[in-house]
Structures are given as C-alpha cells and as structure tokens.
Amino acid sequence: MTALASITAVRPTSNTVVELMQYGATISAGQVVYADSSDSNKAKLADNNASAATAVVKGIAVTPGVSGGYGYVATGGSIILVGTTAAVGKTYYLGATAGEIIPEADLATGNSVSRLGVASSTTQIDLDINNTAVTYA
C-alpha cells in the first residue's frame, strides 16, 4: 500500500469538528499537523519519526496556509479527501514524511503510532485520532 497522495482539497462533512489555528509552516490541505508547544501552539507538519512532539497529531488541515497565517484543522468527525483514493475499511496513520497519511501496512520499526481514522468510502476518512505513544516494532 502507499500513502494517500495528490490530495487537492479537504471537504468537511456535516459532523466535522474543526479548529482555527495559526500555522507555523506552509501547510497544504490534507496534511497532518501537530500543535508546536514551543511555538505558541502553531500548527506544523506532523511526522511519526522526527520526535515525540511531532508525532502527537492535532488533526488534518482543511485549508492551506503559510507560516503566520490561519487555517482550519479537522480534529474530529469525517472529512472528504479530494484527489486521492483510500481503501475502504482500512485504518490510516501519521507517516514518516512530514504531513503524510499512510495505511497501517506502511508503518515501520521505530515509528510512533498515531492513528488518524478509518476510510468509510474511497474518499472519506472518519477521524478517530489516537496518539498512542507506542513505538511500532
């Protein structure tokens, strides 16, 4: 399996929970972010193997933005990922490339396990973010 790539937009559904955040980096819609506690909790690209802090997922960016700007981040509910195809019933996780969404099969030894949610259709992910603090073995 491979990472969910070529995401061109994220559409909230009727139950999407979003939070307005200041961005601390350039972020594209569909990228996974964390809140950087050392930088006023600004949203930055999450990564499952850079550090323990970057592996604590806040959500998935709904709107793109640049450092210093503001954008919406989905933290719960369901989102539609435009431009990519998910495998229905598969669980998706934070990847080792900054901002990446991967299936479980792509987790590697040493990665921090941060679950994002389950694909309920080929375009929809039902978010159930769980920052497990477990290292994949």
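The model is a predicted one: local features need pLDDT of at least 70, side-chain atom pairs count only at pLDDT 80 or more, and totals for chains, interfaces and linings use all residues. Residues are numbered from 1 along each chain as its sequence is written, and side-chain values use heavy atoms, with hydrogens and water left out.

Start with the inside. A nonpolar core here is a set of buried Ala, Val, Leu, Ile, Met, Phe, Trp, Tyr and Cys residues joined through side-chain atoms within 4.5 Å; buried means under 20% relative accessible area, exposed over 50%, and partly exposed in between (1.4 Å probe, protein chains only). The largest such core counts 22 residues, with Leu 4, Val 32, Ile 79, Leu 81, Ile 101 and Ile 125 making the most contacts inside it. At least two residues each come from β3 (32–36), β6 (70–82), β7 (91–94), β9 (112–119) and β10 (124–135), strands being DSSP runs (E, at least two residues; helices are H or I, at least four) numbered from the N terminus. β6 gives the largest share, three residues. Apart from this core sits another, of seven residues, including Met 21, Ile 27, Val 33 and Ala 61.

Some nonpolar side chains end up outside. Val 18, Leu 20, Tyr 70 and Tyr 72 make a surface patch with about 420 Å² of accessible area together. Patch residues have over 30% relative accessible area and no salt bridge, with like charges joined within 9 Å and nonpolar side chains (Val, Leu, Ile, Met, Phe, Trp, Tyr) within 5 Å; areas come from the Shrake-Rupley method with a 1.4 Å probe, and for residues only the protein chains shown count as cover. Tyr 72, in strand β6, is partly exposed at 40%.

On to charges: there are five salt bridges, each a side-chain nitrogen of Lys or Arg within 4 Å of a carboxyl oxygen of Asp or Glu. Asp 36 pairs with Lys 44 at 2.8 Å between the closest N and O atoms; Asp 36 is buried at 9%, and Lys 44 is buried at 18%. Asp 128 and Arg 115 pair up at 3.0 Å, linking β10 to β9 across 13 residues. Shared partners tie Asp 36, Asp 39, Lys 42 and Lys 44 into one network.

Finally, Thr 2 lies before β1 (9–12) and counts as exposed because its relative accessibility is 60%. Setting aside neighbours within four places in sequence, Thr 2 contacts (heavy atoms within 4.5 Å) Pro 103 and Asp 106.
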